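Please keep the sequence and the structure in view while reading.

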Amino acid sequence: MIRDTETLTLLLDTISRFVREKLVPMEAHVAETDQIPDAIQQDMKELGLFGMSIPEIYGGMGLTMEEEVMAGFEVSKTSPAFRSLFATNNGIGAQGIVIDGTEAQKQYYLPKIATGEIIGSFALTEPDSGSDAASLRTTAVKDGDFYVINGTKRYITNAPEAGIFTVMARTDKERKGAGGISAFIVEKGTPGLSLGNIDKKMGQKGAHTCDVIFENVRIPAANLIGGVEGVGFKTAMKVLDKGRLNIAAASTGAAERILSDALRYARERKQFGKPIGEFQLIQAMLADSHADIYAARCMVIDAARKRDEGRDVGTEAACAKMFASEMCGRVADRAVQIFGGAGYLAEYGIERFYRDVRLFRIYEGTTQIQQLVIARNLLREGGQ
């Protein structure tokens, strides 16, 4: 650990208590209303959750990647919607500025992001450009000291609440693929920027996504991240490496919560005169889930430590995201099976988790995209 263990333990205990005492009791309310109460949002801000990975010099906690995923394990032991609101600031919503932003951009935006005054959002995906991000069509045309952006982004997390958007747009129409893409900071309220209707999703009620539409949106050239054209795709990939580790941590924490609920039910529910946890086939599902979670947790921490060492963790991040998100789906499926008929009922909450965690296998790169990333990296490295 880079930070002293006493401080880290205090932070993790504080987050764990907040999750148990404040967030878990609000799960059903958020699922029913599709809104996170303002009071809960304010509590999150006061705990510093919006700035966990923002450097301390800009008002954040400055957690290392290892510390961040450990916090992620605790935060994710409740409905994913809570984490989604502030984790986007720590991950894809702000990391483009943290990693590649100019000093002026960092000084202006990061302190506001760290306090939650501004919620960041990452606008990469488009109606015809998702996994093939290099084919995006949104354009940014230089016009004196400004850029004019046109295009539509889709499935953008936190877009309805966002104060700024990290927008990937093509600045060089002649260069096909990744080379002509640049990254920009676009503020909410900029003329020409509008939002579509909030998407109605299978799960994760309280975490909002929608289209973000740019119609001749004119922004200062100073909002080009890093001040350099043509490196936006590289910025996006760096951001996604970190984001994938965060999703892997979230998958692991959610699986731990789901298994905890399944264990409690297995101890309490009786059939044939004894708790169902005494039946070997139930025990097998519990054991498989625990082993899956243990493996995922080890992968996430190992990849996080390597990133803290300054190593390229593109392969490890993809492995962790792929395994942990698939693992979480298996654990949720087993939990529904252990609960039996009760697992299919809304009042027990397991069916909600079953729907909520399904998204982990899709966003920030589907399982199939992670497979391609891993295989291509292996082939590029000569199979070493």
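The largest cavity is lined by Met52, Glu68, Gly72, Val75, Ser76, Arg83, Phe86, Ala87, Asn90, Asn246, Ala249 and Ala250, where a cavity is a set of points, on a 1 Å grid over the protein atoms alone, at which a 1.4 Å probe fits but cannot get out, and lining residues have an atom within 4 Å of a point. The elements that give two or more residues to this lining are helix 4, helix 5 (80-90) and helix 8, with helices taken as DSSP runs (H or I, at least four residues) and strands likewise (E, at least two), numbered from the N terminus. Helix 5 gives the most to the lining of the largest cavity, with four residues.

The model is predicted, so that local features need pLDDT of at least 70 and side-chain atom pairs count only at pLDDT 80 or more, whereas totals for chains, interfaces and linings use all residues. Residues are numbered from 1 along each chain as its sequence is written, and side-chain values use heavy atoms, with hydrogens and water left out.

The count comes to two cavities of 30 Å³ or more, a volume being the space filled by probe spheres set on the grid points, which are joined across faces, edges and corners. The second largest cavity is lined by Ser76, Thr78, Pro80, Arg83, Ala250, Ala254 and Phe360, and the elements that give two or more residues to its lining are helix 5 and helix 8. In the table, Ala, Val, Leu, Ile, Met, Phe, Trp, Tyr, Cys and Pro count as nonpolar, Asp, Glu, Lys and Arg as charged, and the others, Gly among them, as polar.

| Cavity | Volume | Lining residues by class |
|---|---|---|
| Largest cavity | about 100 Å³ | six nonpolar, four polar, two charged |
| Second largest cavity | about 30 Å³ | four nonpolar, two polar, one charged |

The structure also holds 22 salt bridges, each being a side-chain nitrogen of Lys or Arg within 4 Å of a carboxyl oxygen of Asp or Glu. In one of them, the side chains of arginine 257 and glutamate 27 meet at 2.7 Å, N to O. Arginine 257 lies in helix 8 (residues 232-268) and glutamate 27 in helix 2 (residues 27-33), so this pair ties together parts that are 230 residues apart in sequence. Arginine 257 counts as buried at 13% relative accessibility, and glutamate 27 is buried at 5%, where buried means under 20% relative accessible area, exposed over 50%, and partly exposed in between (1.4 Å probe, protein chains only).

Arginine 305 and glutamate 66 form another salt bridge, at 2.9 Å, N to O. Because arginine 305 lies in helix 9 (residues 280-308) and glutamate 66 in helix 4 (residues 65-75), the pair ties together parts that are 239 residues apart in sequence. Here arginine 305 is partly exposed, at 43% relative accessibility, whereas glutamate 66 is buried, at 6%.

A further salt bridge joins arginine 334 to aspartate 292, with the closest N and O atoms 3.3 Å apart. Arginine 334 lies in helix 10 (residues 314-339) and aspartate 292 in helix 9, so the parts tied together are 42 residues apart in sequence. Arginine 334 is buried at 15% relative accessibility, as is aspartate 292 at 14%.

Technical notes: On a 1 Å grid over the protein atoms alone, a cavity is a set of points where a 1.4 Å probe fits but cannot get out, and a pocket is an open set with protein on both sides within 12 Å along at least five of seven lines; lining residues have an atom within 4 Å of a point.
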